[in-house]
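Okay, everyone, I'd like to talk about aromatic rings today. Have a look at the structure while I go through it.

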Amino acid sequence: HRKVLVVDGNKAFTGGMNIGEHYQRQWHDQQTLVTGPAVKNLQDAFFTNWKREGGTVPEQAELANYYRPEPDQVDGSETYVVQHTGDMTDRNIKAAYLKAFNTAEKSITLANPYFADADVVQALCNAAKRGVEVKVVLPAENDMAIVKRAAAAYYPDLIKSGAQVYEYQDRMAHQKVAVVDGKWATVGSSNLDARSLEYNDEMNLVVLDEKFAGDIQPKMFDIDLQQSKRITS
């Protein structure tokens, strides 16, 4: 379920975006351009999967074609590649989300299409109860009707806790993005349901940078919230 493209060993794209005309035209999604040292980690992750599935990893002499790392940038962001290998072998991405939500002090803004994990919901409710501004943006029209019903079952608990729940109205919203306290952000492939958090191969970036987190707010959340309906009951 990972969505990663590495080009020339020195730039990469990752996020929620699938490849196909249907997804380009009818879905609302997000993809992030990555440069700098984090590209190496994305390339490493690709080769790990490639080898596990029976692919041949290039010989040492050929690896220069795949790894052309750029030096650390003065204005770069502290970036971590968080892998989840699926089949319940680890819960790395879920742990990253829960740690961020459980330690949030001011705000949590979250967009995710498949939202049905009780631990995640409880962490968001707990954050809202202790005074954190929590905003959750989910698709109004979901291509997975059963997951939409599962998410809606959590609305009363979220709203009662003080969290704000929104449904994006325009198209099928497929982003997997969260910002916490304006300085912690994640983008990637992982949904917030059991299938992603336990069984799928997933990959997210966790970025610790106020500039990056602050860039997401006007470019995505501010726009999406204008096209969303707040659910109040």
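**Aromatic pairs**

Let's begin with F47: this residue is buried, at 8% relative accessible area, where buried means under 20%, exposed over 50% and partly exposed in between, with a 1.4 Å probe and protein chains only. Quick caveats: this is a predicted model, where local features need pLDDT of at least 70, side-chain atom pairs count only at pLDDT 80 or more, and totals for chains, interfaces and linings use all residues. Residues are numbered from 1 along each chain as its sequence is written, and side-chain values use heavy atoms, leaving out hydrogens and water.

So, how many aromatic pairs does a search of the whole structure find? Seven. Rings of Phe, Tyr and Trp (its six-membered ring) pair if their centres lie within 6.5 Å; planes under 30 degrees apart are stacked, over 60 edge-to-face, and the rest tilted.

F47 and Y67 have ring centres 6.2 Å apart and planes at 40 degrees, so that pair is tilted. F47 sits in helix 2 (residues 38-52) and Y67 in the loop between helix 2 and strand 5 (78-84), so the pair ties together parts 20 residues apart in sequence. Helices (H or I, at least four residues) and strands (E, at least two) are DSSP runs, numbered from the N terminus. Y67 is partly exposed, at 21%.

Then there's Y97 with F101: centres 5.6 Å apart, planes at 50 degrees, so tilted. Both lie in helix 3 (residues 92-103), four residues apart, about one turn of the helix, and both are buried.

Finally, F46, F47, W50, Y66 and Y67 form one aromatic cluster.
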